[in-house]
Amino acid sequence: MGFKSLFARKNKKSDSSSVQNHNVDHHTTLDIPLGSRSHSVNARDQIAELEQVFKKFDVNGDGKISSAELGAIMGSLGESSTEEELQKMIKEVDADGDGFIDLSEFIELNTKGVDSDEVLENLKVAFSVYDIDGNGSISAEELFEVLKSLGDDCSIAECRKMINGVDCDGDGMISFDEFKLMMMMGSRTEVDSSSESSSITMAASKMVMASLTHFRPLTCAAASSSGCYPGRLVAQPHDLVKWVRRQGGFVHQGLKIGEDSSHGLGLLASEEIPKGSELISLPQHIPLRFGSLESDEIHSVLVDLAQKVPEELWAMKLGLKLLQERAKVGSFWWPYISNLPEAYSVPIFFPGEDIKNLQYAPLLYQVNKRCRFLLDFEQEVRRALENLKLIDHPFGGLDVDASSLGWAMSAVSSRAFRLHGKKLPDGTSEDDPMMLPLIDMCNHSFEPNARIVQEQGVDNTKMLVKVVAETAIKQNDPLAINYGNLNNDFFLLDYGFVIPSNPYDCIELRYDGALLDAASMAAGVSSPNFSAPSPWQQRFLSQLGLEGEASNLKVSLGGPELVEGRLLAALRVLLASDVTEVEKHDLKTLKSLSAEAPLGVSNEVAAFRTMIALCVIALGHFPTKIMEDESLLKKGVSSSSELAIQFRIQKKSVIIDVMKNLTRRVKLLSQKETVTSQD
Ligand SMILES: C[S@@+](CC[C@H](N)C(=O)[O-])C[C@H]1O[C@@H](n2cnc3c(N)ncnc32)[C@H](O)[C@@H]1O
């Protein structure tokens, strides 16, 4: 890679050789002389800009660029080079042979043309940064948007002026050919002093400067308070479907991105699609990962920081990479990242009052843990970055605070997929979390019409992962995949939504003998002694993991199991008096709700009654009743309050459903008992 090509950051992954079906027209080269070797006085502006760029390279300010400075810049742009390569690059330019590049050599280099495929390829990458919607031309609005996102406060009128100076065919836009012409004229000798030429120079140098010297600010919008779907990072994001196709991916012609009821944006079928159809396929290089591909070079600061992320918050690790790519102008993934929501409705972004409004201790605990982690990690990140030179800084010198870290963590937790990674010796494979552009536009349903398939062990496939139609899909139907059979705690914490009547929702309780004593007493169950089990009962409790060192005291009610088997078995055993009777059954039977009263009807009724009373106690922990919650919702509240209220309504509904189900079972058992005693 030559020195000049640094002007447009070329990401290794955009290398066209690794891409099939690269949708770029290779035949539209303009017949323009690429440069000359002297400068005109009218190129003063451009030279002033080049001086500024030179200063960025010249880190120690000694007026010359050394191979170390060049290497550091290349490294920060994702291009690592050997000393030999760096020396070769310097030699190309070093007219006086002193082993450095001085300002005049730098200007000479950048004002002469280099007619090569490489320059053309780099121009295409630079062009794509501005062509936000991927329609092949840059509008004044797009130019404005990009320059604004880079911190340049030029007006839309100025952008129009810049465009007019370059717009040869008068359509008000810059096509790739016009862009190329502009870039070449911006660095040409015979630039006259007309205002048109200076617009060209200004536009060219602004764009060049932008793609070289700026990073996007990492601001984080507060979660949207309106009910409508979240805005994207930029007002006019890239066309994701086109981008995936351009990168060699496959997107079914009957798919489009559109608004999907209350789920934000999603994928919709624009025509009927038969069952089994391939919908989307992504080649290996499109997913955004932390660096599991052999060729990935991860910034060492990011690697160190990632090691400080606890395993269960894996999303933050990939989030660091996402933030770095978000900051980097010219990132290969920008067309994808520009489509990400600017805000997330996950509880870490709720106002404190709404976190309390969740009213459910296990989730409050998780939310607080995440918030605390983000605040601590913010400090960790600051410490890691504080003495770094700009060129060593993974985020281009930008400040990374807890809210931008939270944005990144939420973007990953709500979109990343954990695919199969490296095979392990035991035959299983490592989890490989990655973001799957476009596929992650699919919303969730427990009754999905599509599913993700990872192409594993299939020879000759360049595609890493695909989505296929699980059922026939009707025109205008949204595409839905199943994110997992998760409870609402996960959905809210990681994705920012709550599913009403979620069959997998449950409540978590802490197994506690004293609490069970209280519950059984309230239920009128005679002689309960849960807090002082006999030795044989303790043996059972240890086998159930409810006693002893390796115990796990979290038990759940609700979900498909209705009552967690360990809790049911514990109650059955603790309410039994005859060890030999209990020992007749294996643990599996004792844990099973469908095993009918294995220790007798009265034991079963007492166990169920105790559980019903436990539900009453759990319900009592919620300060509000469902009716009160519903009337609050009717009145109208903020979107975070709404989510918090919906969440707690669902939790209370789970408890009530468990109570109803157990009450029905008690009734049936009691009838059975009466019939048996009458027989
Ligand atoms: C993988 S993204 C899907 C694309 C997303 N809708 C968007 O606008 O970019 C996951 C996010 O979509 C929304 N979502 C997906 N399925 C949903 C559902 N069943 N109910 C509510 N929101 C849903 C949530 O905001 C979630 O965090």
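Which backbone atom lies 2.9 Å from a nitrogen atom of the ligand? A backbone N or O atom of His444 does.

## Basis of the model

The model is predicted; local features need pLDDT of at least 70 and side-chain atom pairs pLDDT 80 or more, whereas totals for chains, interfaces and linings use all residues. Residues are numbered from 1 along each chain as its sequence is written, and side-chain values use heavy atoms, with hydrogens and water left out.

## Ligand contacts

Polar contacts are pairs of N or O atoms within 3.5 Å. A polar side-chain atom of Asn443 lies 2.8 Å from a nitrogen atom of the ligand, and one of Arg232 lies 2.7 Å from a ligand oxygen atom. The protein buries 88% of the 560 Å² that the ligand exposes when taken alone (Shrake-Rupley method, 1.4 Å probe).

## Ligand shell

The ligand is surrounded by 15 residues, the closest being Arg232, His263, Leu265, Asn443 and Tyr495; a residue counts if one of its heavy atoms lies within 4 Å. Seven are nonpolar, five polar and three charged (Tyr counts as nonpolar, Arg as charged, and Gly as polar).

## Antiparallel sheet

Strands S5, S8, S14 and S13 form an open antiparallel sheet in that order. Strands are DSSP runs of E with at least two residues, numbered from the N terminus, and two strands pair if DSSP finds at least two bridges between them. Strand S5 (250-251) and strand S13 (450-454) each have a single partner strand, so one side of each is left without a neighbour in the sheet.

Strand S8 (residues 278-283) pairs with strand S14 (residues 463-469) over five bridges. Leu282 has Val465 in S14 as its bridge partner.

Methods. Helices (H or I, at least four residues) and strands (E, at least two) are DSSP runs, numbered from the N terminus. A polar contact is a pair of N or O atoms within 3.5 Å; within protein, one must be able to donate a hydrogen and the other to accept it, and residues adjacent in sequence count only if both atoms are side-chain atoms.
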